[in-house]
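Dear colleague,

Please find below the structure I promised to pass on, followed by some notes on what came out of it.

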Amino acid sequence: MPSVSSGHALDLEKFLKSLKGQPLEASINSLISLLKRRQIKGSEPCAVATAHILLQVVARSKWHDVDSLLANVSRTGRKLVGAQPNELVIGNIVRRVLGLIRDEASEDRGDTADESASDAPTPTDIVPPASSQQWTTRRLDSASSAAPAARPPIVSSYSSINPPKSLFHLLSTSPPADGDVSPFRNSGASTPTWRGNSSQIHALRSEVIDGIEEIKDEISQVDDQIAASAEVQIHPGDLVLVHQPSTTVERFILRAAQKRKFTVLIAVAPPRRHSAESQHATFRKKLSAAGITVVNVMNGGLMAYMSRVNKVIIGARAIVATGGVVADAGAAAITRAAKEQGTAVVVLSGVYKLSPESPFDESSLIEWGDSSTFVSFADGPLVCGAEIRTALTELIQPELVDTYITNLGTHSRDHLSSLISDHYKREDADFHIWEEAEP
Amino acid sequence: MSHKGKNSASSAKGKKPSKAGAESKGEDVLQAVVLADSFQDRYKPFTVETPRDRKLTLVVLQCLLPLANTPLIEYTLEFLAMNGVQEVYIYCGAHTDQVEDYIGRSRWAASSKSCPFSVLQFVRVADARSVGDVLRDMDKRSLVDGDFLLVHGDMVSNLILDSALAAHRKRREASAANIMTMILHSGGTEEHRTKTKGITPVFVVDTKTQRCLHYDEMNPLQSDHYLSLDPAIADELSTEFEVRADLIDAQIDICTPEVLALWSESFDYELPRRNFLHGVLKDWELNGKMIYAEIFEDGYAARASNLQMYDAISRDILGRWTFPFIPENNILPKQAYKKHSNNVVIETGASHAHDAKLQNSVIGTDTDIGSGSKVINSIIGTGCTIGANVTLENSYIWDGTTIGDGTAVSQSVLAGNVVVGKDCTIPAGSLISYGVRISDGIAFSAAAVLSTVTSTGKPVTGATALLGPDGNAAPFFDPEDDELDDEDPSRLQKSLIYSLAHLNLSSSSISTLASDAGSDSDDDDGNLLSADAAHSSRSRLSSFASDDSAGKMSFHADAVHGLLDALRADSGDFDSAKLEFMGLRLANNASDAMMRKAVATAFVRRAVELVGPEQQQQGGGGTGLDPSKAAERALTACRGAPKFVNEVGVGGGEAAQVDFILALQRALSHYYAKGQDQGGKTATLLPAMLQQLYALDILEEEGILGWWADARAVEGEAMAGLKEKCRVLVEWLESAEEEDDDDDDDDDSD
């Protein structure tokens with residue numbers, strides 16, 4: 001788009017271009033400013049930006065061992081999360097990268113490390129073996145090479161049976177700084193032997209960089225992969241309701257449209273001021289070209305249609321650990337209506353949007369926007385006399401969602417926890433909280 | 001690492017190449033000039049300058065005052081960073097140190113890696129007295145070489161200017177005469193808190209091309225409540241235009257360097273809007289430049305130019321209109337605000353009792369709010385202590401202030417480190433400056449303006465009668481308030497609460513349109529004179545001639561005004577005024593007679609001013625100067641003025657001298673006829689001035705005696721009366737002549 005590139009205002013594209021030309025610190029700060037100013041917003045751009053900056057951190061920051069690399073990444077990650085605390089995706093990507101580093105480190109170390117490390121007695125017996133492996137990984141940055149290192153995008157079999165099981169487990173993920181002396185501290189795989197080995201650091205660096213590139217690829221391919229399951233989900237003659245379709249949802253519907261004949265209802269927000277009249281116009285054009293009937297419906301009139309709708313498709317901005325879905329404002333009412341009518345609710349989301357967090361204060365997940373979205377600032381009496389709040393996102397309660405479709409396939413709510421443990425190391429789950437106390 | 005060399009190289013040429021492959025710097029790099037000192041201080045008593053040795057350092061620049069717990073200048077710099085500006089030049093006026101110190105410690109510092117600007121430079125201009133001086137200096141230095149943004153240091157905006165910049169560039173490429181684009185925001189037809197109170201800017205904008213055709217300011221104090229348009233606007237410039245008085249003007253301008261050149265050409269312009277914009281638009285035929293207005297409907301833009309706007313913008317921030325620049329987004333790196341229910345935004349580290357009622361407020365870190373207190377629509381800074389059962393409504397409490405139990409504060413500003421005792425009542429509109437202490441149980445009946453220093457920065461003795469035994473402050477009076485003209489609308493903007501209640505406003509009807517058209521000219525045509533000509537002549541707000549003599553009248557008005565300004569300056573060089581005058585003359589193709597009239601009018605007006613009670617403005621006594629002193633001062637105070645009068649005003653032989661005296665006499669006769677005689681002083685000005693001119697060798701005996709004999713000198717009662725006053729002088733001249741030289745006798749009969 002020429003109009004975008006000729007402008008001076010910053011956006012994701014310009015930020016990515018600027019990455020190479022400036023020092024790391026400046027890039028991080030500029031990304032933080034962009035996030036704070038909401039010049040980069042939405043889950044996908046945020047994820048892409050986070051992945052890019054962490055790649056720079058790994059490639060260019062100073063680190064001489066795994067711990068310092070982890071510290072660098074989590075320090076940067078913490079700042080990014082703080083810049084847009086409601087965007088869970090940023091934290092997800094940071095956790096993915098942290099896990100990736102741990103995996104690569106343990107893999108590399110596995111070659112030189114004492115093979116007996118995995119057989120050593122763990123402090124407790126109630127921990128299942130697979131998770132003890134991960135736990136020791138965290139503890140020692142070493143693990144046996146017995147288990148193939150699970151790189152996040154690859155769904156490994158063993159870790160899926162790895163949900164948080166005990167209180168002890170939670171405690172054991174506290175940072176090593178707590179003075180707890182591990183029995184493995186003195187084992188052959190201790191960090192000192194690692195330090196200074198530049199070729200290994202070099203290898204680790206390139207491994208991690210490759211891993212982050214994979215995450216970037218994953219983010220870019222999510223829409224395609226999700227769309228692959230469209231034909232299974234949408235049947236001929238269906239009446240499908242979509243709410244303010246995101247690109248993911250659009251791709252999904254368009255893919256189904258190649259093979260099937262069905263009707264799409266687009267639930268749109270009240271028209272914004274000054275905006276062009278027809279929302280999602282290009283999407284509608286494409287659908288009509290594919291021979292699909294499209295109807296635009298205002299949010300308010302949805303209940304009337306709901307009895308006829310077969311499926312509600314929602315694009316997620318993020319999914320929390322409980323299965324609750326952060327979606328565009330307006331979606332919660334639709335899913336509630338769907339629940340009343342017994343209509344199936346399908347949530348589309350890349351796995352990278354699935355967050356291990358489950359905040360106890362749900363209102364803290366909601367992003368509040370600019371008051372001028374629906375009310376004109378020029379409307380003096382309204383501006384001065386009324387308090388105007390515009391919510392950008394809403395949390396859909398987990399029990400209102402029937403199916404989650406990710407780039408890894410179709411899941412039920414119960415399955416989400418295993419997806420989470422596949423992708424995130426438990427010790428990284430609260431990286432933005434527990435290290436905050438440290439200087 | 002291998003990256004280092006590359007980094008330093010690239011950061012030297014600009015950190016963020018915003019357009020890949022763009023070669024030319026002028027096209028690519030967006031520059032901005034920030035005026036952090038606007039020379040219009042409307043934040044008293046918070047911005048009083050204090051001597052350096054005092055312990056308590058006060059913030060003296062309005063751009064560093066906290067707006068929603070963030071210094072004002074941060075909003076401006078964030079706005080620039082958001083729009084991808086890369087080179088920033090900041091002018092901070094007399095207090096550069098303070099701002100430099102602040103910036104140097106912040107993330108904007110050029111040394112810090114987080115600065116998004118490749119250049120952040122402070123501009124120092126010695127002896128600048130107005131925005132105009134600063135911009136003229138910028139022109140000389142040629143710091144800016146491409147399109148640049150001209151903004152003020154107290155501006156809050158979240159507009160993305162890409163579209164406006166693109167439109168500006170397109171226009172500029174189409175014609176070099178398109179020099180400037182103003183960014184305005186629509187404010188709606190109804191009352192709005194964020195519109196400037198007191199002074200209403202009026203823009204006349206072409207509907208199709210968005211060209212701005214006319215600019216004027218209106219205020220409730222002016223006697224004529226209407227706006228006159230140059231008929232050329234309708235005749236030649238535009239077929240369809242809007243007159244908009246609803247716009248919110250944050251004074252964000254996209255300028256080309258020619259704008260600075262234009263400032264340099266007009267050296268008497270001071271204000272960017274009232275002088276520059278108005279003048280350039282008015283003289284469109286002369287300068288051939290065009291200025292456009294981009295009117296935004298979305299987004300937010302406003303200038304916290306005074307306390308009323310400070311109040312309004314604070315409310316807009318609470319109402320999230322300035323998104324993303326709201327407290328919970330933690331624009332400053334160290335901030336840690338979080339949003340809670342009831343739209344209360346609290347920074348980590350602040351605490352409040354559980355039964356404290358908080359609503360729609362912002363609370364900074366380390367602040368403690370006692371039980372049973374109510375905080376509504378207020379902004380509380382960091383480190384404040386709010387006691388129990390305190391009521392704060394619509395108030396702004398800056399850092400480190402303590403408020404005792406049971407005190408009620410409504411719609412007031414309490415600056416930093418203020419201590420308010422228990423059970424006090426602070427009514428709406430109060431302004432309490434830094435470090436003021438108020439004892440227990442003090443209730444003000446009306447809005448109080450308190451400070452520990454006087455307007456000149458000297459410490460005051462505590463007014464214990466008013467503030468109780470602990471009181472260390474006194475009511476603050478700004479002597480400038482008294483100096484202000486009754487009709488100066490800026491007095492309306494000095495308080496926190498805008499009010500017209502105490503004012504006596506005239507209500508002229510729109511039907512006076514034609515008769516007042518020439519009120520700026522003091523012309524000798526009686527029908528063009530209005531009762532308040534003397535007053536309105538000093539305000540450039542007033543109307544312009546709409547008849548055929550538009551050119552002549554505007555020449556006269558402009559020339560008189562320019563000269564008068566130069567004369568009022570008293571000291572200083574008259575050469576520049578002369579240059580301007582000659583420029584005007586050439587531009588308007590004015591005749592010798594017109595010039596003579598203008599010069600005479602200007603000097604007479606200056607003399608009348610000096611005689612009259614307005615002399616107070618110059619710091620003198622209450623009654624004004626003696627006529628002969630006034631004449632002397634008017635004519636000789638400025639270096640070069642006598643020469644100017646001799647060459648330009650008179651410039652020739654006897655006939656010219658006679659004409660000049662006649663012009664003097666006519667100009668004076670207006671005052672004389674209107675009874676503004678100041679006890680006969682005005683009338684005696686004529687002989688006084690003649691004598692002075694004679695003493696300066698500008699007028700010769702022949703000229704004066706020639707005038708004495710001229711029939712035109714007795715047209716009308718006023719003229720005759722004035723002439724009569726000169727009899728003594730003439731007789732003295734005649735006798736002096738007779739003694740000196742008998743040959744001159746025959747000149748009498750000429």
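In chain B, 44 residues are in contact with 38 residues of chain A, where contact requires two C-beta atoms, placed from the backbone, to lie within 7 Å. On the side of chain B that touches chain A, the largest share, four residues, comes from helix 1 of chain B, and the residues of that side divide into 15 nonpolar, 16 polar and 13 charged (Ala, Val, Leu, Ile, Met, Phe, Trp, Tyr, Cys and Pro count as nonpolar, Asp, Glu, Lys and Arg as charged, and the others, Gly among them, as polar). Helices are DSSP runs of H or I with at least four residues, numbered from the N terminus.

Please bear in mind that this is a predicted model, in which local features need pLDDT of at least 70 and side-chain atom pairs count only at pLDDT 80 or more, while totals for chains, interfaces and linings use all residues. Residues are numbered from 1 along each chain as its sequence is written, and chains are lettered from A and ligands numbered from 1 in the order in which they are written.

Within chain A, helix 4 (residues 43–60) is mostly covered, with 15 of its 18 residues buried, that is, with 20 or more other C-beta atoms within 10 Å of their own. Helix 4 of chain A packs against helix 10 of chain A at an angle of about 170°, and the two are therefore roughly antiparallel (angles over 145 degrees, between N-to-C directions). Their contact is made up of 12 nonpolar, no polar and three charged residues.

Best wishes

Key
Buried ≥ 20, exposed ≤ 12 C-beta atoms within 10 Å, placed from the backbone. Axes fitted to C-alpha atoms, helices over the stretch in contact; angles between N-to-C directions. Parallel < 35°, antiparallel > 145°, perpendicular 65-115°, else oblique.
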